[in-house]
Amino acid sequence: MGEQEATKTVFICETFWRIVSLAIIVAMVVVGSLYVHDCPIQYMIPVYLIVYGIFLLLPTFTARHKNPGEDPPDILQSPGQCCFQGIVGCFLIVWFIGGTSWVYPAFATVDMANKTSLNYCEPILYNFAFTITTATWVVVGVAMLCSLCYLCYTLMRGDQNPYSDV
């Protein structure tokens, strides 16, 4: 495989994952908006999806993307943009933890059949929120595991590290 083919393959994969991610984020806002009043067991579940989706979109539309002929991309070009991205990132972490505290406790008592029950939550809304929350925790766990493995590898490599002062 030539260098141009590899670059094209990477571009196609990146584009595919960006489109899938964007579709999931838009679905969060749409599902939360459609069923905003259909979850009396925990009224914050649709709000969680709407706000989380909107704040996930913010960095997508405010980040500076690579221009043709620019290598590497200068994603965070200004201190203001860097600060904004940091604030949004911190908010997303806190909001996700809040969303987890709204979605998971309702799992044992949620009633998806009786619309008049105080424990009712629209099945599409609740299952979507539960799936998004669980998938995010899985991704976070895998990322942490990979980071730990890389850290162990780096520490075991020892004096082969050209940046090490030891």
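Reader: Is Val26 buried, partly exposed or exposed?
Author: In this predicted model, Val26 has its place in helix H1. Its relative accessible area is 38%. Buried means under 20% and exposed means over 50%, so a value in between makes Val26 partly exposed.

Reader: Which helix gives the largest share of the nonpolar patch?
Author: The nonpolar surface patch covers about 480 Å² and is made by Leu22, Val26, Val30, Leu34 and Phe61. Four residues of the patch come from residues 3–34, and this largest share belongs to helix H1.

Reader: Why is the pair of Phe16 and Trp17 classed as it is, and what is the class?
Author: The structure holds twelve aromatic pairs. In the pair of Phe16 and Trp17, the ring centres are 5.1 Å apart and the planes stand at 75 degrees. Planes over 60 degrees apart meet the criterion, so the pair is edge-to-face.

Reader: How many residues apart are Tyr48 and Trp102, the partners of another aromatic pair?
Author: Tyr48 and Trp102 form an edge-to-face pair, at 6.4 Å centre to centre and 70 degrees between the planes. Tyr48 lies in helix H2 (residues 44–62) and Trp102 in helix H3 (residues 79–103). The pair thus links distant parts of the chain, with a separation of 54 residues.

Reader: Are Tyr48 and Trp102 buried or exposed?
Author: Tyr48 and Trp102 belong to one aromatic cluster, together with Tyr52, Phe55, Phe91, Trp95, Phe96 and Trp137. The term that applies to both Tyr48 and Trp102 is buried.

Methods. Residues are numbered from 1 along each chain as its sequence is written. This is a predicted model: local features need pLDDT of at least 70, side-chain atom pairs count only at pLDDT 80 or more; totals for chains, interfaces and linings use all residues. Side-chain values use heavy atoms; hydrogens and water are left out. Patches are made of residues with over 30% relative accessible area and no salt bridge: like charges are joined within 9 Å, nonpolar side chains (Val, Leu, Ile, Met, Phe, Trp, Tyr) within 5 Å. Accessible areas come from the Shrake-Rupley method with a 1.4 Å probe; for residues, only the protein chains shown count as cover. A salt bridge is a side-chain nitrogen of Lys or Arg within 4 Å of a carboxyl oxygen of Asp or Glu. Helices (H or I, at least four residues) and strands (E, at least two) are DSSP runs, numbered from the N terminus. Buried means under 20% relative accessible area, exposed over 50%, partly exposed in between (1.4 Å probe, protein chains only). Rings of Phe, Tyr and Trp (its six-membered ring) pair if their centres lie within 6.5 Å; planes under 30 degrees apart count as stacked, over 60 as edge-to-face and the rest as tilted.
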